[in-house]
Amino acid sequence: MDRELAMEIVRVTEAAALASAQWMGRGLKIEADDAATTAMRTMFDSVTMKGTVVIGEGELDEAPMLYIGEELGSGNGPEVDIAVDPLEGTNIVAKGHPNAMAVIAVADRGTLLHAPDMYMEKLVVGPEAAGLVRLTDPIEKTIDIVAKMNNKRVRDVTVIIQERERHEELVTRIQNKGARVKLFGDGDVGASIVTALPRTGIDLFVGTGGAPEGVISAAAIKALGGDMQARLVPMNDEEYKRCQEMGLEDPTTLLMLNDLVKGDDAIFAATGVSTGELLEGVRFLGGDLVETDTIVMRAKTGTVRYIKAHHRLNKKPHLVMPE
Ligand code: VTB
Ligand code: MG
Ligand code: MG
């Protein structure tokens with residue numbers, strides 16, 4: 001992959017963010033997701049690559065999506081796998097809540113896990129504790145390891161976790177251990193990334209969320225030098241079979257970071273839609289001027305860039321919400 005591809009991918013996440021941010025707070029999550037998806041699909045056409053979607057999100061909430069197997073890009077250039085969540089946080093946008101973003105991971109063909117749209121149990125740590133933690137360990141042991149490696153007392157360890165009934169027991173155990181939780185409503189790609197970024201005060205990410213979001217996050221965690229482990233959670237026979245059809249003989253096997261993203265050539269980009277832990281959302285500055293914030297990183301070099309951009313919506317009529 002060319003390093004120029006990183007900048008091309010930024011254009012795609014920016015377009016999706018610009019289009020979907022206009023749907024903030026309107027109570028219309030399908031329309032918001034549709035705007036992001038359409039903008040991404042259109043922008044991808046002009047990117048020099050031969051891409052295939054291996055992760056497309058949407059089935060869980062019957063939202064519009066970029067379909068698995070869909071070909072994206074100009075049709076020449078590097079052969080790549082694409083994992084997308086055009087709008088990570090459709091409900092967020094509908095309700096005007098924080099943490100929504102448009103995200104893409106691109107990697108060499110055949111290197112991203114082809115995970116179906118189902119639940120996945122995940123664990124993420126930053127570079128300090130990389131290689132030392134295990135998803136299968138009791139949470140209390142993991143907290144001790146992270147405290148030691150991050151040079152903190154257990155009482156100062158912060159675990160970020162999605163606020164869901166399914167995590168209640170985990171939250172109680174974390175609190176009984178003496179550590180803190182930081183609960184978030186939606187958007188576990190952003191929550192995973194802030195765990196692996198320096199100086200965010202967040203030490204550990206645990207919990208069960210979307211598998212597509214898991215694979216996309218893994219590309220970023222790799223670029224940040226953090227660690228991630230995961231395990232698919234098939235809820236019924238059908239989901240179990242789908243895992244096997246996708247080549248996972250034992251669907252509940254422990255997946256290491258290198259199983260989620262093989263190799264080193266991966267690019268991750270996210271543009272904020274609503275302001276959250278990781279990024280500022282899209283700001284409408286008056287007139288047709290709009291400002292976006294994007295984070296983009298490459299696993300190969302470990303370079304992380306924050307890109308602030310000014311856009312003129314009048315010159316991008318295809319991204320403007322219909323009257
Ligand atoms: C998860 C999480 C996502 O939606 O998929 C969640 O990974 C859905 O969880 O980041 P529930 O079924 O419990 O609502 C997100 O938060 C947003 O897509
Ligand atoms: Mg989505
Ligand atoms: Mg999502």
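Is arginine 199 buried or exposed? Arginine 199 counts as exposed, at 86% relative accessibility, where exposed means over 50% relative accessible area, buried under 20% and partly exposed in between, computed with a 1.4 Å probe on the protein chains only. The structure is a predicted model, in which local features need pLDDT of at least 70 and side-chain atom pairs count only at pLDDT 80 or more, while totals for chains, interfaces and linings use all residues. Residues are numbered from 1 along each chain as its sequence is written, chains are lettered from A and ligands numbered from 1 in the order in which they are written, and side-chain values use heavy atoms, with hydrogens and water left out.

**Metal site**

- Asp85 (OD), Glu88 (OE) and Glu213 (OE) coordinate the magnesium ion (ligand 3) at 2.0 to 2.2 Å. Donors are N, O and S atoms within 2.8 Å of the metal (3.2 Å for Na, K and Ca), and sites may look incomplete because water is not among the atoms.
- Along the chain, the donors of this magnesium ion (ligand 3) have the spacing D-x2-E-x124-E.
- Distant parts of the chain are linked here: glutamate 88 belongs to strand β3 (residues 79-88) and glutamate 213 to helix α7 (residues 211-224), 125 residues apart. Helices (H or I, at least four residues) and strands (E, at least two) are DSSP runs numbered from the N terminus.
- Glutamate 88 and glutamate 213 are both buried.
- The magnesium ion (ligand 3) and the magnesium ion (ligand 2) lie 3.7 Å apart and are bridged by aspartate 85.

**Ligand 1**

- Around ligand 1 there are 14 residues, and Glu88, Tyr119, Arg164, Arg166 and Asp186 come nearest. A residue is near a molecule if one of its heavy atoms lies within 4 Å of it.
- The side chain of glutamate 88 has an N or O atom 2.7 Å from an oxygen atom of ligand 1.
- For glutamine 162, a side-chain N or O atom is 2.9 Å from an oxygen atom of ligand 1.
- Aspartate 188 uses its backbone instead, with an N or O atom 2.7 Å from an oxygen atom of ligand 1.
- These are polar contacts, pairs of N or O atoms within 3.5 Å; within protein, one must be able to donate a hydrogen and the other to accept it, and residues adjacent in sequence count only if both atoms are side-chain atoms.

**Pocket and cavity**

- The second largest pocket holds about 270 Å³ of space. On a 1 Å grid over the protein atoms alone, a pocket is an open set of points with protein on both sides within 12 Å along at least five of seven lines, a cavity is a set where a 1.4 Å probe fits but cannot get out, and lining residues have an atom within 4 Å of a point. Grid points are joined across faces, edges and corners, and a volume is the space filled by probe spheres set on the points.
- Its lining has 17 residues, with Glu121, Leu135, Ile139, Leu170 and Arg173 nearest the centre. Two or more lining residues come from each of β5 (119-125), α4 (139-149), α5 (168-177) and β8 (204-210).
- By class, the lining of this pocket has six nonpolar, four polar and seven charged residues. Ala, Val, Leu, Ile, Met, Phe, Trp, Tyr, Cys and Pro count as nonpolar, Asp, Glu, Lys and Arg as charged, and the others, Gly among them, as polar.
- One cavity of 30 Å³ or more is found in the whole structure. The largest cavity has about 50 Å³ of space.
- Residues lining the largest cavity include Asn99, Met101, Gly187, Gly272 and Glu277. Its lining divides into four nonpolar, six polar and one charged residues.

**Backbone and local contacts**

- Most residues other than glycine have a negative phi.
- Arginine 199, in the loop between α6 (188-196) and β8, has a positive phi of about 60°.
- Asparagine 151 has a positive phi near 60° and sits in the loop between α4 and β6 (158-162). Asparagine 151 is exposed, at 71% relative accessible area.
- Asparagine 236 caps the N-terminal end of helix α8 (residues 237-245), with a side-chain oxygen 3.2 Å from the backbone nitrogen of glutamate 238. Just after α8, glycine 247 has a positive phi of about 100°.
- Aspartate 265 lies in the loop between α9 (257-260) and β11 (266-272) and is buried, at 8% relative accessible area. Its side chain reaches the backbone nitrogen of methionine 1 at 3.3 Å.
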